Amino acid sequence: MLFHYLKFSLFYLLSVLTIIALLAGEDWIALSYLAVSVFIIAGDAWFGEDTSAPVYKHPHIFTAQLFAALPLLCVLMFVGTWSVSATDTLGFGHWFYTLSGWDINQNKAATSDWQHGIAVFYVGLMVSMIGTVTAHELVHRTWYRPSVFIGRWLLAFSFDSSFSIEHVYGHHNYVAHSHDPATAPRGRNVYQHIVLSTLAGNKSAWRIEGQRLKRRQQPIWSWHNQILRGVAMSLSLLGLSFWLGGVAGLLFFIGCGLWAKALLEIVNYMEHYGLVRAEGEPVLPRHSWNTNKKMSSWAMFNLSRHSHHHAQGHIPFHQLQAMPHAPVMPTGYLGTICLTLLPPLWFKIMAKKLHDWDNNFASESERRLLQRLK
Amino acid sequence: MFKIELNQYQFMAHKGETILHAALSAGIDFAHSCQAGACATCQCQLKAGEVRELTDFAFVLDDEQLAEGIILGCQSIPKSNLSLFKSDLK
Ligand code: FES
């Protein structure tokens, strides 16, 4: 049983590895990025699936772990902005040297611009894993304000606090409908989806929040507006990154945040690509692509058990079921992300999967809907 | 503990328990879906008493519904004894 608690700590390990790689600088950054990616992708391929559903007697341990993501992300982003700043920000390097004898200032000076560039993609991936994935779980717990509060701050690192509105009050109601911003229709490539879903998702969040404020007779352009508060949160983080790392620190932060946001949209893309739901049909496991691959499930708090998550959005991650009969995405999360980036290959793989979905999962009315969409 | 009257039923709610949870525990077929305050399936009318809103009902209930005292069962914690009406309850 202890193992089942420990398995969801994988992201701590990966974050610590990332922080060490940033401190070591030079080629250690790329090597560590490669090692983490191979570990997850190959681990998913080799170690197979985790379909277990143990009953956890101490779920508050998981809540504490989710909350701990915020300080962890702060440390990661501090080290990241420090690693690109022209000076030894706050004397961190010197302090670290006196503590450990490891001259990280020297490592920093020896790191080239392109190595810092790789760090942006590496840290962006970690912002997505530590920040967005945990935030997704937290903002679903709408009934518990501290959870939503921390979730929104985690999302602010990828300029996306409005996700807390659009995802819960929009996407979960509209999933697999043609007007859902996050559900990609057949034939749309991932690069189009990143742009279109970002624009439509923000527009949808603004509409939902505007409607709420109107009903409460509160002005749109005011502190009551959660979207504007989210923008202010992201701006304050940008200000902090500039203060800590100058222009380089600011650009680093922006780059990581944008890559993390793009990853969120890629994940939306692969979770619902090409699926349809007839008007009036309830959201069922067949309306999401699922996977039970071990590394993806453990490193991402069961986000991979997406079929059950959408069918019952209020269920905390540790109670989600594997749903072995749900439609399955090509492989684990990181592996599938890589596939989406190659549209011709993606379309080829998904054509078969969608054919199977149409024949074996779709309801009669969904088949008729698909005929009309052709 | 607070006493809740819902249509023809009567049941008790523990401290901090939502109306929906208390109704389901009492074996009442109280319609619900998202349980996150996002779909309004669990809506019912508050005829007497006071509740604490866990989430803002205005995300899913319109002006008219709010004025009529419609609340979300899954996001309401009783603060007193309650009298409720749910139109789709058999
Ligand atoms: S069940 Fe959806 S709002 Fe209560």
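The bend at a residue is the angle between two axes, one fitted to the seven residues ending there and the other to the seven starting there. Helices (H or I, at least four residues) and strands (E, at least two) are DSSP runs, numbered from the N terminus. This is a predicted model, in which local features need pLDDT of at least 70 and side-chain atom pairs count only at pLDDT 80 or more, while totals for chains, interfaces and linings use all residues. Residues are numbered from 1 along each chain as its sequence is written, chains are lettered from A and ligands numbered from 1 in the order in which they are written, and side-chain values use heavy atoms, with hydrogens and water left out.

In chain A, helix α7 bends by about 30 degrees at A:Ser128.

Turning to chain B, strands β1 (residues 2-6) and β2 (residues 9-13) run antiparallel and are joined by 5 bridges, and two strands count as paired if DSSP finds at least two bridges between them. B:Phe2 stands opposite B:Ala13 in β2(B), and the hairpin that β1(B) and β2(B) form has 2 residues between the strands, with B:Asn7 in the turn showing a positive phi of about 45 degrees. With β7(B) (residues 82-85), β1(B) runs parallel through 3 bridges, and there B:Glu5 has B:Ser83 as its bridge partner.
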